[in-house]
Amino acid sequence: MIRAFLVGCCLGVMGLIPLNAQAKTHVLITAGQSNTDGRVSNKQLPAYIKALATDTVEYLDGAYRYCKIAQNRADGQFVSFFPKGRINQGLWAYDAVTYYQLEQVLQQDFYVVKYAVGGTSIQYPNDSAKGRYWSANPDWLAKTVSIEKGGQSLLLSLTDAIDAAIDETLTKLEGGYTIDAFLWHQGESDNRYPKTYYANLKALVDYVRNHLTAKTGIDYSQLPFIFGTVSTANRQYHPLVEAGMRRLANDDPNAYLIDMSNGTLLGDRLHFDAPAATYLGEEMFNILSKVMPINHHGFRVATFKDDKRAAVSYTFDDALIEHATLVAPRMEKLGFRGTFWVNGRTVSDTSAALGKPRTSWKQLKQMARAGHEVSNHGWAHRNVTRLNPEELRHEVAFNDTLIYRHTGVFPRTFCYPGNSKNDSVIAVIEKGRVGTRTFQFSLGSKSTKENLEKRVDEWFTKGEWAVAMTHGINYGYDAFRNADVFWEHLNHVKTREDSLWVGTFSDVAAYTKAQKALTYSVTATSKGFTVTPHLNLDETLFRVPLTGVIEQVHLKKITVRQGGKRLKVRILPDKTLFDFDPYGGPIDVVLTLEK
Ligand SMILES: [Zn+2]
């Protein structure tokens with residue numbers, strides 16, 4: 001749509017064309033518990049919001065210029081937004097800040113469907129809560145209905161509200177509408193059911209995405225989900241709830257988590273105060289401005305390196321000798337690099353048993369030198385969920401040290417032996433790493449040419465990062481019935497490399513994490529624009545080049561500089577790409593369009 005508009009208008013137009021000129025009306029969904037409903041007094045609203053109030057004593061009434069909201073209502077009707085709590089009128093939450101910032105950028109009407117109720121958990125039943133739950137458990141949902149219809153399901157209240165909004169208002173908008181994101185803050189009331197939080201939250205997000213897809217016929221499976229952690233000072237804080245959130249943000253390429261660990265609270269030690277609510281609202285906006293097609297001169301940061309559509313990492317467990325003698329050379333020939341997970345204890349084990357013989361340190365060093373990732377799979381392949389802290393240190397940290405000593409490269413990732421893991425052990429092991437293998441698909445005895453080709457197609461449809469787990473090629477656990485299936489698969493993948501990034505686990509994990517956490521501002525200059533990136537992650541782990549994309553077509557000339565240095569620019573028929581340093585300061589883009 002963007003491109004068609006530009007092509008139609010490019011003649012005689014100089015400078016940048018507002019890319020949102022024909023955009024559909026933007027719609028957001030916002031939901032959660034009390035910190036989303038709002039618990040900060042309107043007397044503490046930021047001054048720029050107070051300026052929109054008609055009641056300048058209590059700041060109870062007023063209207064935003066463009067934001068329309070349907071808040072906790074089932075009739076699909078919208079009113080001009082001004083911050084209000086569900087029960088107590090004079091209260092606001094983070095979203096008031098997000099909407100304000102969004103309307104500054106959009107300068108056009110947009111719609112929010114909001115549903116928030118204090119003290120509510122996802123898990124049911126939860127007798128500490130109010131008899132209403134967000135759970136997406138299908139058996140339970142089949143037995144209940146929305147709150148408005150006399151049931152107990154907040155999720156059905158939300159989806160009923162969305163459906164009513166679509167039927168009564170959104171479908172009647174000229175030019176159509178698009179749902180851009182799902183904003184969420186919740187988790188406090190699940191502190192009694194922390195172990196199920198990850199699964200509960202994931203099911204909820206999937207439910208909303210599937211519901212939207214079914215309702216509209218448009219694929220919302222990749223709807224951005226933007227959420228925040230609970231402050232560690234909160235009296236309902238639970239580290240496993242936070243670990244569950246981090247895991248979802250890790251596993252789901254379209255989930256964006258804002259770290260609110262240091263969020264300051266009101267005297268009740270439950271609710272964000274004005275500075276924390278403002279911060280969360282601003283961060284929500286920063287992520288929205290990345291994921292929404294709003295006017296940034298067509299600038300965005302690619303989800304995957306070189307703006308490829310999907311990514312795949314080939315990972316090999318247990319360091320079988322044929323990983324060194326067969327796999328690594330084959331991959332190098334194709335220009336690919338793999339990830340090899342090593343158990344220090346069994347390196348150089350030459351006995352012929354299941355999964356043996358194993359590589360030597362010398363071979364692993366050569367593989368590391370050739371650019372493969374040689375990383376940690378536990379020293380003795382023990383189930384890390386069953387170890388005490390001292391044993392865990394030995395299993396993980398000692399193996400790091402061994403690998404470093406023998407290969408010269410310190411592992412920055414980890415692969416759970418037997419894939420055994422839980423949210424608390426993930427949180428411990430991920431410290432100081434770019435990532436750990438928390439999801440994978442098996443490549444081995446059950447693989448066939450047909451099912452692998454189908455899988456590759458899926459990567460493209462979903463735009464996902466696939467992580468392949470392989471043990472044996474010719475021998476050992478889950479070995480291929482015919483090794484040619486694997487070699488042909490690699491050849492097939494090579495033919496699709498134009499839009500598929502084949503990278504080591506470490507490289508893709510670092511890129512995707514940095515890309516998600518990155519925020520930036522874009523300001524227009526006389527000859528183009530300046531992007532100022534900001535990345536609040538450990539620089540020693542995440543200083544990786546990110547790919548900037550400019551959607552603007554018909555460029556005559558473009559130069560991109562960062563820190564006084566000219567960056568290499570690749571001009572393609574439909575876009576322009578360049579790699580930048582997320583910690584390298586402002587990026588100056590100077591461009592001229594064809595006449
Ligand atoms: Zn293993």
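These notebook entries go through the zinc site, some salt bridges and a charged surface patch.

**Ground rules.** I am working with a predicted model, in which local features need pLDDT of at least 70 and side-chain atom pairs count only at pLDDT 80 or more, while totals for chains, interfaces and linings use all residues. Residues are numbered from 1 along each chain as its sequence is written, and side-chain values use heavy atoms, with hydrogens and water left out.

**Zinc site.** I looked up the donors of the zinc ion and found D318 (OD), H377 (NE2) and H381 (NE2), at 2.1 Å. Donors here are N, O and S atoms within 2.8 Å of the metal (3.2 Å for Na, K and Ca), and since water is not among the atoms, sites may look incomplete. Along the sequence I noted the spacing D-x58-H-x3-H for these donor residues. D318 sits in the loop between strand 11 (310–317) and helix 10 (321–333), and H381 in the loop between strand 13 (373–376) and helix 12 (389–407), so this pair ties together parts that are 63 residues apart in sequence. Helices (H or I, at least four residues) and strands (E, at least two) are DSSP runs, numbered from the N terminus. I then checked burial, where buried means under 20% relative accessible area, exposed over 50%, and partly exposed in between (1.4 Å probe, protein chains only). D318 counts as buried because its relative accessibility is 10%, whereas H381, at 32%, is partly exposed.

**Salt bridges.** I counted a salt bridge where a side-chain nitrogen of Lys or Arg is within 4 Å of a carboxyl oxygen of Asp or Glu, and by this rule the count comes to 27. D306 pairs with R570, their closest N and O atoms being 2.9 Å apart. This pair links distant parts of the chain, with D306 in the loop between strand 10 (299–301) and strand 11, and R570 in strand 24 (residues 569–571), 264 residues apart. R247 forms a salt bridge with D251 at 3.8 Å between the closest N and O atoms, and both lie in helix 8 (residues 239–251), 4 residues apart, about one turn of the helix. I found R247 buried at 17% relative accessibility, and D251 is buried too, at 18%.

**Positive patch.** K527, K556, K557, R561 and R566 form a positive surface patch. Such patches are made of residues with over 30% relative accessible area and no salt bridge, like charges being joined within 9 Å and nonpolar side chains (Val, Leu, Ile, Met, Phe, Trp, Tyr) within 5 Å. Strand 22 (residues 555–562) gives the most to the patch, with 3 residues. K557 lies in strand 22 and counts as exposed, at 57% relative accessibility.

Technical notes:
Areas by Shrake-Rupley, 256 points an atom, 1.4 Å probe, with all protein chains shown as cover. Lys, Arg positive; Asp, Glu negative; His and termini not counted. Charge placed at Lys NZ, Arg CZ, Asp CG, Glu CD.
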